[in-house]
Amino acid sequence: MKNKKGSVFDIIMIAVALFSFAVITLISVSVYNQYKEELTSNPVFNDSTSNAYVEEKASTTFAMFDYLFSFILVGLIIMVVVSSFSIRSHPLFFFISMLLLIIVVIIANILSQAYTEIAGEQLLATTADTYTIIPFIMGNLATFILIIGAILVVLLYGKSKYEEN
């Protein structure tokens, strides 16, 4: 990935990164919640001040994951837009990019459906219900990827001949 600049393949990276973050968040929060339930049944840990401190900080951190997810999405979009300004693209590749964009939207739809299936599992459903931004973005991942891809294609191939010199 040396000298990597903006391309349609960056959109695949965005979709996979968002999917990975969403699934890892669901699993890690669910595991912690199950661990916390087991821990609170033990009176030694239940009455300690350090346990209360850890639970308070963990709940604050887990609540921030929803906003962190949207921040990561915006950051990745900015990264792709900025990097697309630094590449020169021949208009001949426009049709190839459009074909790749369609393939990436299909992949994003598959990832969206996979997230919906994972979040619908009995062990993860209660955790998934605590978040609002993550399920919305993941449920509409194909739409977000299509919009990001359209912006990228316009930036890559919408430059005039005079701007490239």
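**Exercise 1.** Determine whether Ile-147 is buried, partly exposed or exposed.

*Solution.* Step 1: recall the classes, in which buried means under 20% relative accessible area, exposed over 50%, and partly exposed in between, with a 1.4 Å probe and protein chains only. Step 2: Ile-147 has a relative accessible area of 48%, so this residue is partly exposed. Step 3: locate Ile-147 in helix H7, where helices (H or I, at least four residues) and strands (E, at least two) are DSSP runs numbered from the N terminus.

The structure is a predicted model, in which local features need pLDDT of at least 70 and side-chain atom pairs count only at pLDDT 80 or more, while totals for chains, interfaces and linings use all residues. Residues are numbered from 1 along each chain as its sequence is written, and side-chain values use heavy atoms, with hydrogens and water left out.

**Exercise 2.** Describe the chain as a whole.

*Solution.* Step 1: the chain has 8 helices and 0 strands, and the order of its elements from the N terminus is α-α-α-α-α-α-α-α. Step 2: of the 165 residues in the chain, 35% are buried. Step 3: take contact to mean heavy atoms within 4.5 Å. Among contacts between residues at least 6 apart in sequence, 88% join residues at least 24 apart.

**Exercise 3.** Describe the largest nonpolar core.

*Solution.* Step 1: a nonpolar core is a set of buried Ala, Val, Leu, Ile, Met, Phe, Trp, Tyr and Cys residues joined through side-chain atoms within 4.5 Å. Step 2: the largest one has 39 residues, and those with the most contacts inside it include Ile-11, Phe-69 and Ile-145. Step 3: helices H1 (9-40), H3 (49-84), H4 (94-119), H6 (133-139) and H7 (141-157) each supply at least two of its residues. The largest share, 11 residues, comes from H1. Step 4: Phe-69 touches Leu-18, Phe-21, Ala-22, Ile-134, Ile-137 and Met-138, when residues up to four places away in sequence are not counted. In soluble globular proteins, nonpolar side chains tend to be buried together.

**Exercise 4.** Classify the ring pair formed by Phe-94 and Phe-95.

*Solution.* Step 1: rings of Phe, Tyr and Trp (its six-membered ring) pair if their centres lie within 6.5 Å; planes under 30 degrees apart count as stacked, over 60 as edge-to-face and the rest as tilted. Step 2: the structure holds 7 aromatic pairs. In the pair of Phe-94 and Phe-95, the centres are 5.4 Å apart and the planes stand at 75°, so the pair is edge-to-face. Step 3: Phe-94 counts as partly exposed, because its relative accessibility is 30%. Phe-95 counts as exposed, because its relative accessibility is 63%. Step 4: one aromatic cluster is formed by Phe-21, Tyr-32, Tyr-35, Phe-62, Phe-65 and Phe-69.
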